[in-house]
Amino acid sequence: MEDVTLNRRDQTRLRLLNSVISEEVSVAEATQLMAFSERQVRRMLAAYRRDGARALAHGNRDRRQSNALPEGLESHVVRLAAEHYPGANYSHLTELVEERKGLRLSR
């Protein structure tokens, strides 16, 4: 079984779902405490029973962003900013790097 790290919000949800499963708390009480609809709480319960604590973590956790810079380019740009363009703000730096180095950093 794979380890999963839950943030504080997810840990609170886990405790509440365990309380619902052990019948210490009703689904209606859990909906109020989590500020979710009853349907959403039931969906979370089903996912938790099926997948365990992993179901409470966001699905995109540990995935690279689709708009992230390619590996190595980020450190290259940081080095350029420090050595060649000190004091430039983000917008100006983006323009300078694209104009002078031919590197497109944003859409």
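Is Glu38 buried, partly exposed or exposed, and what is its relative accessible area? Glu38 is partly exposed, with a relative accessible area of 41%, where buried denotes under 20% relative accessible area, exposed over 50%, and partly exposed the range in between (1.4 Å probe, protein chains only). The structure is a predicted model, in which local features need pLDDT of at least 70 and side-chain atom pairs count only at pLDDT 80 or more, whereas totals for chains, interfaces and linings use all residues. Residues are numbered from 1 along each chain as its sequence is written, and side-chain values use heavy atoms, with hydrogens and water left out.

The chain contains 5 helices and 0 strands, the order from the N terminus being α-α-α-α-α; helices (H or I, at least four residues) and strands (E, at least two) are DSSP runs, numbered from the N terminus. The chain is more spread out than a compact globule, because its radius of gyration of 23 Å is well over the 13 Å that the globule rule gives for 107 residues. This radius is taken over C-alpha atoms, and the rule is 2.2 Å times the number of residues to the power 0.38. Along the principal axes, the C-alpha atoms fill a box of roughly 65 × 30 × 20 Å.

Of the 107 residues in the chain, 28% are buried. The accessible surface comes to about 8400 Å², with 46% of this area belonging to carbon and sulfur atoms; accessible areas come from the Shrake-Rupley method with a 1.4 Å probe, and for residues only the protein chains shown count as cover. Among the contacts (heavy atoms within 4.5 Å) with a separation of 6 or more, 47% are accounted for by residues 24 or more positions apart.

Helix H1 spans residues 8–21 and includes Thr12, which counts as partly exposed at 35% relative accessibility. The C-alpha atom of Thr12 is separated by 15 Å from that of His58, which is 46 residues away along the chain. Arg13 is also placed in helix H1, and when residues up to four places away in sequence are not counted, Arg13 touches Met34, Phe36, Met44 and Leu56. Arg13 is buried yet has no salt bridge, and the nearest side chain of opposite charge, that of Asp10, is 4.0 Å away.

Side chains of opposite charge can pair when their charged atoms come close. With a salt bridge taken as a side-chain nitrogen of Lys or Arg within 4 Å of a carboxyl oxygen of Asp or Glu, the count comes to 6 salt bridges. One of them joins Arg42 and Glu38 at 3.0 Å, N to O; both residues lie in helix H3 (residues 38–51), 4 residues apart, about one turn of the helix. Arg42 counts as partly exposed, at 46% relative accessibility. Asp10, which is buried with a relative accessible area of 1%, meets Arg9 in a salt bridge at 3.8 Å, N to O. A further salt bridge, at 3.6 Å, N to O, is formed by the side chains of Arg104 and Glu98, of which Arg104 is exposed, with a relative accessible area of 53%, and Glu98 is partly exposed at 35%. Salt bridges that share partners also join Arg9, Asp10 and Arg61 into one network.

Notes: Lys and Arg count as positive and Asp and Glu as negative; His and the chain ends are not counted.
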